[in-house]
Amino acid sequence: MAKVLEIGDPAPDFTLPRDGAGSLGLKNFGGKKLVLYFYPKDNTSGCTAEAKDFNALLMEFAEANASVVGVSPDPVKSHDKFREKFELAFPLLSDEAKSMLEAYGVWVEKSMYGRKYMGVERTTFLIDPAGKIVNIWRKVKTTGHAAEVLKAVKAM
């Protein structure tokens, strides 16, 4: 089992395919704050609400020198449709192999109606310009979350 990441740890490196084409990695955000949020599935109610909330505050994140990136195990094609449908202006990364999800400790055993399965635990990491984790929100409830993260970004 992977080590549970904590505040102060270096953010695990990654390079993943993104919506639209190409790929993005941690190195692409050097010198900026990075809001890295992990979500279970495109086009589900909670994930859509969370994405729309981050999108609505994107200009304020940019003014605070922060980038926002969403990550899920959905394929790039799904991300393309999701991004287009809701006019999302930030990148969505696809981790079908679940290597990044595991490195960040968000691919976990979940339970619903007594059935156990593996899935993404909705989690957000705030990473400083040097690549160090400065805040972690686990088991996120979507309502008000983007505003709470923005407040933390502005306080850095």
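## Ring pairs

Rings of Phe, Tyr and Trp (its six-membered ring) pair if their centres lie within 6.5 Å; planes under 30 degrees apart count as stacked, over 60 as edge-to-face and the rest as tilted. By this rule there are ten aromatic pairs. This is a predicted model, where local features need pLDDT of at least 70, side-chain atom pairs count only at pLDDT 80 or more, and totals for chains, interfaces and linings use all residues. Residues are numbered from 1 along each chain as its sequence is written, and side-chain values use heavy atoms, with hydrogens and water left out.

Take Phe14 and Tyr104: they sit edge-to-face, 6.5 Å centre to centre with 70 degrees between the planes. Phe14 is in the segment before strand E1 (15–17) and Tyr104 in the loop between helix H4 (99–103) and strand E6 (107–112), so this pair ties together parts 90 residues apart in sequence. (Helices, H or I of at least four residues, and strands, E of at least two, are DSSP runs numbered from the N terminus.) Both Phe14 and Tyr104 are buried, meaning under 20% relative accessible area with a 1.4 Å probe, protein chains only.

Tyr39 and Phe82 make a tilted pair, at 6.1 Å and 35 degrees.

## The core

Definitions and conventions:
Buried < 20%, exposed > 50% of the residue type's maximum accessible area, 1.4 Å probe, protein only.
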